Amino acid sequence: MFYIIGGVATLLLILVIIVFKEKPKYPPSRAQSLSYALASPDASYLSSISRLFKNLNFVLLVITYETPGGGGREQHQQSAHCCVRGSSLRGRW
């Protein structure tokens, strides 16, 4: 069961990487075309994802969210909810 879910998630990830383009051929609005003109040329989808994973707070959030709660599914959900709340409070300070 878990292998099937993992396979489907991996397939979807590969499809997202292949199918989605960096930006559309024609901008959807005038404001967006101005945004494209003013954007730096080194800003890309992959660079933003790599910058996200270099952020220590984000990495800690991912680790604490994925760490099991030590019991059943309800405990995991409660502990993950507390971790997300704690991380969001820490970000405000």
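How much accessible surface does the chain have, and what share of that surface belongs to carbon and sulfur atoms? The accessible surface comes to about 8700 Å², with 66% belonging to carbon and sulfur atoms, as computed by the Shrake-Rupley method with a 1.4 Å probe.

Please keep in mind that this is a predicted model, in which local features need pLDDT of at least 70 and side-chain atom pairs count only at pLDDT 80 or more, while totals for chains, interfaces and linings use all residues. Residues are numbered from 1 along each chain as its sequence is written, and side-chain values use heavy atoms, with hydrogens and water left out.

The chain holds 5 helices and 0 strands, helices being DSSP runs of H or I with at least four residues and strands runs of E with at least two.

Of the 93 residues, 1% are buried, meaning under 20% relative accessible area, with exposed over 50% and partly exposed in between. Phe53 is exposed at 51%, whereas Phe58 is partly exposed at 23%.

These two rings, Phe53 and Phe58, form an edge-to-face pair, 5.3 Å centre to centre with 80° between the planes, where pairing needs centres within 6.5 Å, and planes under 30 degrees apart count as stacked, over 60 as edge-to-face and the rest as tilted.

Note on methods. Rings of Phe, Tyr and Trp (its six-membered ring) pair if their centres lie within 6.5 Å; planes under 30 degrees apart count as stacked, over 60 as edge-to-face and the rest as tilted. Buried means under 20% relative accessible area, exposed over 50%, partly exposed in between (1.4 Å probe, protein chains only).
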